[in-house]
Amino acid sequence: MRRLVDDKGRTLEAFLAQYKPGNWPRPSLTADVIVVTRDRRLLLIKRGNHPYIDCWALPGGFVNPDETCPAAAVRELREETGLALPVRPLLLLSAPRRDPRTRVVSAVYLAEAGSETPRAGDDARAAGWFAVDGEKAAGTVTLSLTGPETIAASVVCVRGPDGKIDADRSRCDGDLAFDHAAAIAYAWEAQGWL
């Protein structure tokens, strides 16, 4: 039988009346989308705002209080690129200092596109398709992205117990915003493209 009072004799209503959510720090939540095509192209946006202004990044942004993470991913993708695509969960990025603004956890989704043409919107200055060449050597994934610009990035990979790239503990260097190079390396490996 389920108890209706806690050890202090409080009902759920009494507990909630005394509960102070501000006693625990809360991270912000974002949703990002890795959009790929069958011919291994990747959709990126050029950020129009700080941090990482003018850097290429995955489409994405903050989850509103009244929406789910997948709904935010679809909304942000549509706002920043004009594309309306279904998404599926890929990974969670949660390293404590992954964003210079505050503690931000990102739910990363995967979407597949065909021949859609993106158009930059909202806070994206540009949107474009990039051909991605990835190479693994000695624990490092090197990414070369060719599209509206040429982007180089490398990921010093830390592997989790499952053998997959641990994007939170891997170190990114190069010209992509945040830890997006690690997320891309993870996705490319998961697709069998590395």
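Guide: Let's start with Tyr52, which is partly exposed because its relative accessible area is 32%, a value between the 20% and 50% cut-offs. Please keep in mind that this is a predicted model. Tyr52 sits in the loop between E2 and E3, and its phi is near 65°, a positive value in a residue that is not glycine. Most residues other than glycine have a negative phi, and most peptide bonds are trans. The peptide bond between His50 and Pro51 is cis, with omega at about -10°. Pro51 lies in the loop between strand E2 (41-47) and E3.

For another positive phi, look at Asp122, which is not a glycine and has a phi of about 55°. Asp122 is in the loop between strand E6 (104-112) and E7. With a relative accessible area of 56%, Asp122 counts as exposed, because that value is over 50%.

Next come the aromatic rings. Rings of Phe, Tyr and Trp pair if their centres lie within 6.5 Å, and by this rule there are five aromatic pairs. In one of them, Tyr19 and Trp24 are stacked, because their ring planes meet at 15°, under the 30 degree limit, with the centres 5.6 Å apart. Both partners are partly exposed: Tyr19 has 38% relative accessibility, and Trp24 has a relative accessible area of 49%. Another pair, Trp56 with Phe130, is edge-to-face, with 4.9 Å from centre to centre and 75° between the planes. This pair links distant parts of the chain, since Trp56 belongs to strand E3 (residues 56-57) and Phe130 to strand E7 (residues 124-137), 74 residues apart. Trp56 counts as buried because its relative accessibility is 3%, under the 20% cut-off. Phe130 is buried too, with a relative accessible area of 0%.

There is also a ring cluster, in which ring pairs join Phe15, Tyr19 and Trp24. Arg41, for its part, lies over the face of Trp129, 4.9 Å from the ring centre.

What about empty space inside? Rolling a probe the size of a water molecule over the atoms shows where empty space is left. A search of the whole structure turns up one cavity of 30 Å³ or more. The largest cavity has a volume of about 40 Å³. Ile45, Arg47, Gly48, Asn49, Gly60, Glu80, Asp123 and Ala124 line the largest cavity. By type, that lining divides into two nonpolar, three polar and three charged residues.

Just after H3, Gly192 takes a positive phi of about 80°.

Ala152 belongs to strand E9 (residues 150-156) and is partly exposed, with a relative accessible area of 45%. From Ala152 to Thr142 the C-alpha distance is 7.7 Å, for a separation of 10 residues in sequence. Setting aside neighbours within four places in sequence, Ala152 is in contact with Leu143, Asp173, Gly174 and Asp175.

Finally, step back to the whole fold. The protein has three helices and 10 strands, which run along the sequence in the pattern α-β-β-β-β-α-β-β-β-β-β-β-α. Its C-alpha atoms fill a box of roughly 65 × 40 × 30 Å along the principal axes. Of the 194 residues in the protein, 43% are buried. Among contacts with a separation of 6 or more, 59% are between residues 24 or more positions apart. The pairing of Trp56 with Phe130, whose positions are 74 residues apart, is a link between distant parts of the chain that you can find on screen. If you then return to the loop between E2 and E3, you will find Tyr52 there again, with its positive phi.

How values were computed
Residues numbered from 1 in each chain as written. Predicted model: local features only at pLDDT ≥ 70, side-chain atom pairs only at ≥ 80, totals over all residues. Heavy atoms only, no water. Phe/Tyr/Trp six-rings, centres within 6.5 Å; stacked < 30°, edge-to-face > 60°. Buried < 20%, exposed > 50% of the residue type's maximum accessible area, 1.4 Å probe, protein only. Helix = DSSP H or I, 4+ residues; strand = E, 2+ residues; numbered from the N terminus. Lys NZ or Arg CZ within 6 Å of the ring centre and 35° of its normal. 1 Å grid on protein atoms, 1.4 Å probe; cavity = no way out; pocket = protein on both sides within 12 Å on 5 of 7 lines; lining within 4 Å. Points joined across faces, edges and corners; volume = space filled by probe spheres on them. Nonpolar A, V, L, I, M, F, W, Y, C, P; charged D, E, K, R; others polar. Contact = heavy atoms within 4.5 Å.
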